[in-house]
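The stops below go from helices to a loop.

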Amino acid sequence: MPPRSSSPLSSLDALKRAGLLGTAAQAAVLDHLQHAEHGHFSAEDIHRRIVAGGERMNLSTTYRVLGQLVEAGFVAIVPLGKHHSLYEWNRGKAHDHLVCVVCGRVEEFSDPTINRRRIAIAKKFGKRFVGKTLALQGVCAECAARAHPPRPRAK
Ligand SMILES: [Zn+2]
Ligand SMILES: [Zn+2]
């Protein structure tokens, strides 16, 4: 079998370089997000996929590990309210999100004005943003159309 481009060992190295212990759980979550098709996943999604891949991990460990990976800058978090967040591999490209509150669809955008303001606001409060993005919530065009179907055009 050909070696994968990133073996679990290199994930462990990266974790240790970031000052983490490099536990099997951290490596599994890191590996998973790094190799997943780009997207935004809930902790439950990530947990389900890891378990489906044959790893043993419980959901609370998944949450804890995700928190550690966000702190270390590997993973970005898209906060969607008190008890719900999405996670994505941090590609180092600052961007924000528009999230449909009906179907959960996520669109990414990057706006230079928001990015500048973000830095200015963080400075004003003496904080530094770490892997956190804006999540603007709304209703996508498809869900809006489903809720208010356009009147059929007269033939
Ligand atoms: Zn929608
Ligand atoms: Zn994103």
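Which residue just after α3 takes a positive phi? Select G54: its phi is about 100 degrees.

This is a predicted model, where local features need pLDDT of at least 70, side-chain atom pairs count only at pLDDT 80 or more, and totals for chains, interfaces and linings use all residues. Residues are numbered from 1 along each chain as its sequence is written, and side-chain values use heavy atoms, with hydrogens and water left out.

Next, select α3 itself, residues 43-52 (helices are DSSP runs of H or I, at least four residues; strands are runs of E, at least two; both are numbered from the N terminus). Its buried residues are A43, I46, H47 and I50 (buried is under 20% relative accessible area, exposed over 50%, partly exposed in between, with a 1.4 Å probe and protein chains only). They cover an arc of only 100 degrees around the axis, which puts them on the same side of α3; the arc is that of the directions from the helix axis to the C-beta atoms. The face turned away from that side carries the exposed R48 and A52.

Finally, go to H95, in the loop between β2 and β3 (96-100). H95 is buried, with a relative accessible area of 10%. Show its side chain: polar contacts join it to the side chains of H97, at 3.1 Å, and E108, at 2.9 Å. A polar contact is a pair of N or O atoms within 3.5 Å; within protein, one must be able to donate a hydrogen and the other to accept it, and residues adjacent in sequence count only if both atoms are side-chain atoms.

Note on methods
Chains are lettered from A and ligands numbered from 1 in the order in which they are written.
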